[in-house]
Amino acid sequence: MKIKDIKVAKVEAPLITPFKTALRTVHSIHNIAVYIYTDDGQVGIGEAAPTAVITGETFGSITHAIEHYIKPAIMGLDIADIVHLMERLDTSIYQNTSAKAAVDMAIYDLCAQHYQIPLYKLLGGYRKELTTDITISVNETEEMVKDSLEAVARGFQILKVKVGKDPLGDVKRVVAIRQAVGQPLHYG
């Protein structure tokens with residue numbers, strides 16, 4: 001299973017609820033999908049989120065890194081030779097971590113297809129489920145408490161709470177959320 005081609009496309013989708021951090025408010029996602037095609041007809045898919053304010057990477061820079069540096073470095077390589085493939089990916093261009101991550105995901109997607117096992121098993125996992133978090137956007141305290149209670153009602157046990165606009169207000173928000181969801185306060 002050798003890499004025959006790599007394509008990049010834009011993926012856009014509106015968010016039901018805006019995602020807010022101290023740095024930005026996002027109303028829709030504008031990500032990059034990476035498709036790696038192999039000589040035996042398989043397709044691996046990866047993705048990257050161009051967030052210039054966080055990683056310094058944009059749609060243009062990620063696309064350029066993949067098309068002009070990463071693609072030429074890994075074209076024709078065998079998916080089964082994962083160590084060599086990842087070394088070439090890593091040394092194809094300095095930094096550009098989002099571009100590399102998108103291609104990395106597509107490669108591992110292909111590896112799982114090649115070995116005909118779920119990716120979690122390929123990576124050594126034994127669980128069929130995992131616990132993930134949900135991010136609570138930075139808003140006024142009341143709205144963050146409401147969002148947190150709704151997340152807990154939906155089954156989330158881990159809340160990632162966005163803060164950073166107002167340090168004293170942030171402390172009040174976090175304390176109010178912890179009290180509302182019934183978790184004891186722990187200070188490290």
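## Close-up views of a predicted model

**View 1. Arg 178 is found in helix 7, which covers residues 167–181.** Helices here are DSSP runs of H or I with at least four residues, strands are runs of E with at least two, and both are numbered from the N terminus. This is a predicted model, in which local features need pLDDT of at least 70 and side-chain atom pairs count only at pLDDT 80 or more, while totals for chains, interfaces and linings use all residues. Residues are numbered from 1 along each chain as its sequence is written, and side-chain values use heavy atoms, with hydrogens and water left out. Arg 178 counts as partly exposed because its relative accessibility is 27%, where buried means under 20% relative accessible area, exposed means over 50%, and partly exposed lies in between (1.4 Å probe, protein chains only). Although Arg 178 and Val 145 are 33 residues apart in sequence, their C-alpha atoms are 8.7 Å apart in space.

**View 2. Asp 147 lies in helix 6, residues 141–153.** With a relative accessible area of 19%, Asp 147 is buried. Leaving aside residues up to four places away in sequence, Asp 147 touches Ile 136 and Asn 139, a contact being heavy atoms within 4.5 Å.

**View 3. The largest nonpolar core holds 26 residues.** A nonpolar core is a set of buried Ala, Val, Leu, Ile, Met, Phe, Trp, Tyr and Cys residues joined through side-chain atoms within 4.5 Å. Among the residues with the most contacts inside this core are Val 34, Ile 66 and Val 103. Two or more residues each come from strand 1 (3–20), strand 2 (25–38), helix 2 (59–74), helix 3 (82–91) and helix 4 (97–115), and the largest share, seven residues, comes from helix 4. Apart from this core lies another, of six residues, including Ile 134, Ile 136, Met 144 and Ala 151.

**View 4. Helix 2 and helix 3 have axes that come within 9 Å and cross at roughly 155 degrees.** The axes are lines fitted to C-alpha atoms, for helices over the stretch in contact, and the angles run from 0 to 180 degrees between N-to-C directions. Helix 2 is therefore roughly antiparallel to helix 3, since angles over 145 degrees count as roughly antiparallel, those under 35 as roughly parallel, 65 to 115 as roughly perpendicular and the rest as oblique. In this contact, Ile 70, Pro 72, Ala 73 and Ile 74 of helix 2 meet Leu 85, Arg 88 and Leu 89 of helix 3.
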